[in-house]
Amino acid sequence: MQTVLDSCSSRMDKCIASLEGEYLSMRTGRASAALFDKIKVDYYGAETPLNQVASISSPEARLIVIQPWDKTVLPAIEKAIQKSELGLNPNNDGKLIRVNFPPLTEDRRKELAKSAKALAENARVAVRNVRRDAMEELKKLQKGGEISEDEQKDGETKIQKMTDKAIERIAKVAETKEKEIMEI
């Protein structure tokens, strides 16, 4: 039974970690280096993550500075940022790239908040699916005679508590992200 509980806990943690990863790559009013984590650059014929060919810093709230370790890759970085779905316009000065983040419009912030809520709901559904799978596993163990009915009920109670905690954590993460999106 303990393996079922451990597996359930681990899978729920992964659901929350996945949501947090999605939120990191979601644009808000502030400049964040994490937005560039998914951008890949053509570096000598190989698709390489941007953060492996350049340092990315945020000296101001609405500015990202990308300084490549190899100056010859500047045009490729610029092209990769323009092709990304971030909708940003990089400025290349021959040594580094500056990316200004224009303030988000009210409509765009509402759209992003709605998207953040949808991601949170998907995470909640994933957690509930993990709960369902764990409950079914406990029923199989009980039917197979490996655990008693009392142990099954105890396990189900523990799984429900894990589910409640996970959903609570998702709500906190979602609320934080929504506030971040809606601030001007």
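Val65 stands opposite Arg98 in strand S6. The model is a predicted one, in which local features need pLDDT of at least 70 and side-chain atom pairs count only at pLDDT 80 or more, while totals for chains, interfaces and linings use all residues. Residues are numbered from 1 along each chain as its sequence is written, and side-chain values use heavy atoms, with hydrogens and water left out.

Four strands make up an open sheet, ordered S3-S4-S6-S5, with antiparallel pairing; strands are DSSP runs of E with at least two residues, helices are runs of H or I with at least four, and both are numbered from the N terminus. Two strands are taken to pair if DSSP finds at least two bridges between them. Strand S3 (54–60) and strand S5 (90–92) lie at the edges, each pairing on one side only. From one strand to the next, the twist averages 25°.

S3 and strand S4 (residues 63–68) run antiparallel and are joined by five bridges. The two form a hairpin with two residues between them. Glu60 stands opposite Leu63 in S4, and Ala54 is opposite Pro68 in that strand. Four bridges link S4 to S6, again in antiparallel fashion. Five of the six residues of S4 are buried, where buried means under 20% relative accessible area, exposed over 50% and partly exposed in between, with a 1.4 Å probe and protein chains only.

Helix H2 (residues 74–83) lies across S3, S4, S5 and strand S6 (97–100), and runs at about 165° to S5. Such angles run from 0 to 180 degrees between N-to-C directions, and axes are lines fitted to C-alpha atoms, for helices over the stretch in contact.

Turning to the other helices, helix H3 (residues 106–143) and helix H4 (residues 149–182) pack at an angle of about 170°, their axes 10 Å apart. H3 is therefore roughly antiparallel to H4, a term for angles over 145 degrees, as against roughly parallel under 35, roughly perpendicular from 65 to 115 and oblique for the rest. In helix H1, the buried residues are Val4, Leu5, Cys8, Met12, Cys15, Ile16, Leu19 and Tyr23. These buried residues of H1 pack against H3 and H4, contact being heavy atoms within 4.5 Å.

Finally, Thr48 is found in strand S2 (residues 46–49). Thr48 counts as buried because its relative accessibility is 13%.
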